[in-house]
Amino acid sequence: MNGLDLLGPDQRGLFIGGVWREAEGGKRLDVIDPADGSVLTDVADGSVNDAVDALDAAVAAQSAWANTPPRERGEILRTAFGLITDRADQFAHLMSLEMGKTVAEARGEVGYGVEFFRWYAEEAVRIHGRWMQAPAGGSRLLTIKKPVGPCLFITPWNFPLAMGTRKIGPAIAAGCTMVVKPASQTPLTMLALAGVLTEAGLPEGVLNVVTTSHTGEFSQTLQADDRLRKVSFTGSTGVGRILVRQSADQLQRLSMELGGNAPFIVFEDADVDAAVEGAMIAKMRNMGEACTAANRFLVHRSVAQEFAEKLGARMGGLTLGRGQDDGVDVGPLIDEKAVESVSQLVTDAVHDGATVVTGGQAPDGPGYFYPPTVLLDVPVDSEINVQEIFGPVAPISTFESEDEAIRQANDTEYGLASYVYTRDLARTIRVAESLDFGMIGINSGLISNPAAPFGGVKASGFGREGGFEGIEEYLETTYVALPAG
């Protein structure tokens, strides 16, 4: 089993209006194996005209899909949930091949990602407005919820399944059609997902998938079209700002899940062993290539040495290798540019005075590997504490007081995830109320959950995915005034 068997002979093309087809001009795009740099396969490289064709199909399907009974929409999601669950190993191997993560970690993503389909299968039938008497009497106030309309989804490479299901699930439940552009590095999982949804009974044109290397032209063309009503993007803050600007003329609804710079705060009263365990989860999930990954470790000076030694021992004991191989804990990064970026951040931190506890140098040989690395005594203003690392590196800085820890944690333009370890309940409340982040994990290194609202503040974006809140991103509210008699 290598996962490629999930894709039929035609499933490396574009999926538009329920039909698999070639890109304009027959252009193709290579998919690279990050474990050795070889070409896994190729997929269609869609053009701007292909993008417009996909939007045409979404627009044509919108009215009928919006009028499909909620129960039917939910049952399609529920069926897809079952199909993906049955094929979890195939999806895991496919993601491991194209993205690099271990098969075990990819299985975890399948379980997490498919849960969005089950959650929104249940939410589809709970869409409702309200009815009330006007405060002054004499009339009634009625609100009804309607689907926003055709959407554009741009998904990242780091979670090829989950970042798709987190957007597609609520859109299907709400009655929206969509055009999906997966990351050019990891298009295969989305193509496989399109096949499963078709098998589950999703009507033609509701989901359209265009793989392309022309991301900028693609989004600019579709956002200039007044038929597109919403954009949901997961990716860098820089690209997010471009998409926000492009949405202005058509006043499109937006959900932006952007960059992060998550602090991981360990207070002097924390259970250090539990903090190390949580750090392993918060830092090493997806080789650190996650927007929620702990980026800055802020540790009270009194426990910093102990924390660094224990974390260094754990991270130094991890095995690097191809994600499909037995006994491997850490797969490759996504590409050579990622390795170069992480290497430079570590080099700069050491130059600034940091000490390498473990790791710190990319190995020789093929593939895009970087070892799990722990740095101690990193100056708080070092570039590694400013930039999103997106790699398996844990830079540890110290603090002396609670106020200093909060100040250091909030000293970033980002505001997505944060983590706090303490055994003091009063401190937990004070710190949670003081941190400027959309999500806060208390004594836990894993916070993302399909039943909870995922999203950030400041330069980490706006809008929420998951939870009861997630479906509201795909609904408009209409108010109807009714006379009393």
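Predicted model: local features only at pLDDT ≥ 70, side-chain atom pairs only at ≥ 80, totals over all residues.
Residues are numbered from 1 along each chain as its sequence is written, and side-chain values use heavy atoms, with hydrogens and water left out.

**Exercise 1.** Determine whether Thr-234 is buried or exposed, and identify the side chain with which its own side chain makes a polar contact.

Solution. Begin with the location: Thr-234 belongs to strand 10, residues 230-234, where strands are DSSP runs of E with at least two residues and helices are runs of H or I with at least four, both numbered from the N terminus. Next, its relative accessibility is 6%, so Thr-234 counts as buried (buried is under 20% relative accessible area, exposed over 50%, partly exposed in between, with a 1.4 Å probe and protein chains only). Finally, the partner is the side chain of Lys-167, at 2.9 Å; a polar contact is a pair of N or O atoms within 3.5 Å, and within protein one must be able to donate a hydrogen and the other to accept it, while residues adjacent in sequence count only if both atoms are side-chain atoms.

**Exercise 2.** Find which residues of the largest nonpolar core touch the most other members.

Solution. A nonpolar core is a set of buried Ala, Val, Leu, Ile, Met, Phe, Trp, Tyr and Cys residues joined through side-chain atoms within 4.5 Å. Among the 63 residues of the largest one, those touching the most other members are Phe-117, Ile-168, Met-178, Leu-197 and Leu-207. Helix 4 (residues 103-123) supplies the largest share of this core, 10 residues. Apart from this core lies another of 53 residues, among them Met-99 and Phe-307.

**Exercise 3.** State how far Asp-56 and Arg-227 are apart in sequence and in space.

Solution. Asp-56 sits in helix 1 (residues 48-66) and is partly exposed, with a relative accessible area of 33%. In sequence, 171 residues separate Asp-56 from Arg-227, whereas in space they are 8.9 Å apart, C-alpha to C-alpha.
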